[in-house]
Structure formats: C-alpha cells, structure tokens
Amino acid sequence: MQKYRAMQDKVMLSMESRMRGDMQVRFGGRYEETYCRKAARRLVPSLRISEGGSIIELGMKIYNTHSISDVLRRIGEATEGLPSYQYKTTSVNPADIEEVIQELKVLPLTNHALLSYIASRNIDTELAKLHCVEIHYDLRRRHYFSIAFRNKSGGFEVRNPYFKGCIMGKDISHILHEQSIIQKHVCVFEGFMDFLSYLTLKKEYDTIVCVNPPCDYIIMNSVNNLKKTLYTLESYEYIHCYLDNDLAGIKTVETYSGFFGMKVVNEAIRYSEYKDLNDYLKKKKMLKH
C-alpha cells in the first residue's frame, strides 16, 4: 500500500466520458462538467487465416522462414500498422483528458457508493472486493474516487457510473486459477465487468454460459490490446472468448481464430440475445429492430 501512496506527485489519468450531452455530473461529492463528441463505431481488423496450429508455426508458413525471431519481428510489424479500435461510446479529446492528478490513494473496496454501483449491475460484491480496489485522487482541486482493477503493467482500469479509463498505463490483466500453473483452458473477456459477471454466474452455478474445467482468465481491458494477448494465449489448449455480440467482438474472435485455429471457441453464442455478458447477467436483452 505504501508503494502507491508514494505516487502522489504526478500521475497521468486517461479517462473516457460515459455521459451524453453537456451537463454537470456528481460523483464522490463533487461536480464536474463533461461533454461529448459524435460516437464512432468500434473497428476491428480481420486477420482470418484458414490454417490453425501454433502462432509461431503459422507465422513460419506465412512469412516463409524458419527463424522464430524473424516471425516475431514480422508479426510485430504487421500488427503495428493495423487500424486503431474505437469504442461505440462518446469520448473526449485525448489532449483534454490526460490530466495530472495528485494525492492518489489505493484502498480496499469498501465505499458504499461504489459497491452499490457494482450491485446495480447484479455483480456479487464479495467477488468485486476480492479482485478490485478503490482509488481516490484529486484533480483540479476536486476529489474523485472509482473502482479500480489492476493490469499486468501495474496500472489500473478505473470505472464508476460516469466514466471509465485507466491510470498509470493500459495493459491486459492475466489471472491464474492456481498460482504459477497454467491451465489448459483460458477465458477471454473484453473488460473487467464482464469478468466479474462471469465469476458471479459461476458462483450461481450457471451451466448455460460457464465452462466446467478449471480456467485461467485474460481481461483485454480494450480490444486495442488484442496484440498484447497473443503471446499469453499461445500457452493454452482451449481459448474461450466471452466478448461482446457486436461487430468488434465478432471480428476479434475471427482474428483469434486466424492465429489459433480450432483452439478458439466463441462462447458469445451462449448469450447471443444479449449485448454482452453483464447484460446476460442482468437479463437485459438487445432490442430487436
């Protein structure tokens, strides 16, 4: 805990507005003005390839080489040029949202307002306490607090009812079922709310969505992090994808299938009437046009 309390001088905050229109929003006892721009569709490239197998073996075939280092270099070059993914939500200009924050504190998740928000999404609050913390910080002489979920780089994905974003660097999260042991199965989620939704469903013995074998978990924390998941996924025999039932989710699964072939299972068909796993948990079906 002291490690994070020492980071009080200057920390960069990346934030995405969750509001629509110009308005004053209140969270953590303070008011803050927000604004929105035109929403953009999330875009995900398709790298679908007909053959499966090891990502390294596949790369050797594609690039006609037997050098592993050459394959890794070529994959890096190829994915670096892919179009950026965008969320189908309102967002603000990055130049306006990267603010210097002060007095950052990382605490156990106990705040009533944050736990109420978790409960409003039908997520088990004890599971949230186990996997999340709460952060408090000052921004422009105002105090804020949010739910926070750690990623591999030591940063945090942050969320409250009015915004989502990250602090101290964006990265994937990798959670092992058993310490230092890689399971055969891994479940992949886009965000930590879907991960918590899955754990809640598993606790409730939901057999429609949840898989039986012991699983590790990878949380992308944004489809932008697809490239960062590839090397970690290589270690698994079965890859269960619990992504959104939208174009971005479908294309992301296609990309995984292109790299890993028959290892990949699109579990989103288990909740095809719902936008995402949390909506399935809340039994909030998509509107039919």
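These questions and answers go through aromatic pairs, a sheet and its helices in a predicted model.

Reader: Why is the pair of Phe189 and Tyr242 called stacked?

Author: The ring centres are 5.5 Å apart. A pair needs centres within 6.5 Å, so the two rings count as one. The planes make 20°. Stacked means under 30 degrees, and therefore the label holds. By this rule the count comes to 14 aromatic pairs.

Reader: What makes this a link between distant parts of the chain?

Author: Phe189 belongs to strand E10 (residues 185–189). Tyr242 belongs to strand E12 (residues 238–242). They are 53 residues apart.

Reader: Are Phe189 and Tyr242 buried or exposed?

Author: Both are buried. That term requires under 20% relative accessible area. Phe189 and Tyr242 also belong to one aromatic cluster, which includes Phe149, Phe192 and Tyr280.

Reader: How do you know that a charge sits over the ring of Phe192?

Author: The charged end of Arg159 is 5.9 Å from the ring centre. The distance cut-off is within 6 Å, so Arg159 meets it. The direction must also fall within 35 degrees of the ring normal. Arg159 is listed as sitting over the ring.

Reader: Which residue lies over the face of Tyr280?

Author: Lys283 does, at 3.9 Å from the ring centre. This value too is within 6 Å.

Reader: What makes E9 and E13 the edges of the sheet?

Author: The open sheet has five strands in the order E9-E11-E10-E12-E13. Strand E9 (173–175) and strand E13 (264–266) each have a single partner strand, so one side of each lacks a neighbour in the sheet. From one strand to the next, the twist averages 20°.

Reader: How do you know that E10 and E12 pair?

Author: Five bridges join them. Pairing takes at least two, so E10 and E12 qualify. They run parallel. Val186 stands opposite Ile239 in E12.

Reader: Which strands does helix H7 touch?

Author: Helix H7 (residues 192–203) touches E9, E10, strand E11 (215–219) and E12. Its direction makes about 155° with that of E11. Helix H9 (residues 247–260) lies across E10, E12 and E13. H9 runs at about 160° to E13.

Reader: Why is Leu107 called partly exposed?

Author: Its relative accessible area is 26%. Buried means under 20% and exposed means over 50%, so Leu107 falls in between. Leu107 is found in strand E4 (residues 99–108). Its C-alpha atom is separated by 9.9 Å from that of Ile147, 40 residues apart along the chain.

Terms used. Residues are numbered from 1 along each chain as its sequence is written. This is a predicted model: local features need pLDDT of at least 70, side-chain atom pairs count only at pLDDT 80 or more; totals for chains, interfaces and linings use all residues. Side-chain values use heavy atoms; hydrogens and water are left out. Rings of Phe, Tyr and Trp (its six-membered ring) pair if their centres lie within 6.5 Å; planes under 30 degrees apart count as stacked, over 60 as edge-to-face and the rest as tilted. Helices (H or I, at least four residues) and strands (E, at least two) are DSSP runs, numbered from the N terminus. Buried means under 20% relative accessible area, exposed over 50%, partly exposed in between (1.4 Å probe, protein chains only). Axes are lines fitted to C-alpha atoms, for helices over the stretch in contact, and angles run from 0 to 180 degrees between N-to-C directions. Contact means heavy atoms within 4.5 Å.
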